[in-house]
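Thanks for passing this one along.

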Amino acid sequence: QPKSNQLLSEGFAQQYPMQILVVEDNLVNQKIIMRILNKLGFFPDMVGNGAEALEKLDQQPFDIVLMDIQMPVMDGLQATRNIRKQSRFSSLLVVAMTANATHGDREECFAAGMDDYISKPLKLDELIALLTKVALTVRNQSALPK
């Protein structure tokens, strides 16, 4: 059996349940991300820029935000800075999705308050590794006494 079929399993979301918000302005990238996440059993919310992301975060809880960096209206760095100003989002994981994965770009993402980054075009194994890591973090946080 090919490895990618084993990786793409709807059981992944059952094993690692989490609420995902995807912030991406490019329609092609939106479709690719949505297809991958759906095949893993996730049904993420999708918005097109940082300002919409902040509105969505006010409406419902999420465990992770997959945040594009370059977007109109409000880019991912500014949106992340705004998220980090609010203590209620202290445990929210924000992951940069960027085509510019140079060392300087990574530093800029972390300086804005992002927890991790993943390069575009997304690679399935990298996304699964990231989501697994995130899921374990989410699980550990929910096990902590409030």
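1. Phe42 is buried, with a relative accessible area of 3%; buried here means under 20% relative accessible area, exposed over 50%, and partly exposed in between (1.4 Å probe, protein chains only). Its ring pairs edge-to-face with that of Phe12, at 6.0 Å centre to centre and 75 degrees between the planes. For such pairs, rings of Phe, Tyr and Trp (its six-membered ring) need centres within 6.5 Å, and planes under 30 degrees apart count as stacked, over 60 as edge-to-face and the rest as tilted. Phe12 counts as buried too, at 8% relative accessibility. The pair links distant parts of the chain, since Phe12 sits in helix α2 and Phe42 in the loop between α3 and β2 (45-47), 30 residues apart. Helices (H or I, at least four residues) and strands (E, at least two) are DSSP runs numbered from the N terminus.

2. Please keep in mind that this is a predicted model: local features need pLDDT of at least 70, side-chain atom pairs count only at pLDDT 80 or more, and totals for chains, interfaces and linings use all residues. Residues are numbered from 1 along each chain as its sequence is written, and side-chain values use heavy atoms, with hydrogens and water left out.

3. On confidence, the chain has a mean pLDDT (the predictor's confidence in each residue, from 0 to 100) of 87, and 89% of its residues reach 70 or more. Helix α1 (residues 3-7) has the lowest confidence, at a mean of 49, while β2 has the highest, at 98. Over residues 1-5 pLDDT stays under 50, and the model gives this stretch two contacts beyond four places in sequence; a contact means heavy atoms within 4.5 Å. I would read that end with caution.

4. For the overall layout, the chain has seven helices and five strands, in the order α-α-β-α-β-α-β-α-β-α-β-α along the sequence. Of the 146 residues, 45% are buried. Among contacts between residues at least 6 apart in sequence, 66% join residues at least 24 apart.

5. The largest has 26 residues, and Leu66 and Leu131 have the most contacts inside it. At least two residues each come from α2 (11-15), β1 (20-23), α3 (27-39), β3 (64-68), β4 (93-98) and α7 (124-143), with α7 giving the largest share, eight residues. Beyond its neighbours within four places in sequence, Leu131 touches Phe12, Met18, Ile20, Leu37, Leu40, Phe42 and Ile64. A second, separate core has 22 residues, among them Val47, Leu57, Phe62 and Met74.

6. Back to the rings: the structure holds three aromatic pairs. Phe12, Tyr16 and Phe42 are linked by ring pairs into a cluster. Phe110 and Tyr117 are also edge-to-face, with ring centres 5.9 Å apart and planes at 70 degrees. Both of these residues are partly exposed, Phe110 at 36% relative accessibility and Tyr117 at 25%.

7. Asp68 deserves a look. It is placed in strand β3 and counts as buried, at 4% relative accessibility. Its side chain makes a polar contact of 2.7 Å with the side chain of Lys120. (A polar contact is a pair of N or O atoms within 3.5 Å; within protein, one must be able to donate a hydrogen and the other to accept it, and residues adjacent in sequence count only if both atoms are side-chain atoms.) Other contacts of Asp68 outside four places in sequence include Val23, Glu24, Asp25, Gly76 and Met97.

8. Two backbone details are worth checking. The peptide bond from Lys120 to Pro121 is cis, with omega near 0 degrees, and Pro121 lies in the loop between β5 (116-119) and α7. Val73, in the loop between β3 and α5 (76-84), has a positive phi, near 70 degrees, although it is a residue other than glycine. Val73 is exposed, with a relative accessible area of 73%.

9. Finally, α5 itself. At its start, a side-chain oxygen of Asp75 comes to within 3.1 Å of the backbone nitrogen of Leu77. The buried residues in α5 are Gly76, Leu77, Ala79, Thr80, Asn82 and Ile83, and their cover includes α4 (50-59), β3, β4 and α6 (103-111).

Technical notes. A nonpolar core is a set of buried Ala, Val, Leu, Ile, Met, Phe, Trp, Tyr and Cys residues joined through side-chain atoms within 4.5 Å.
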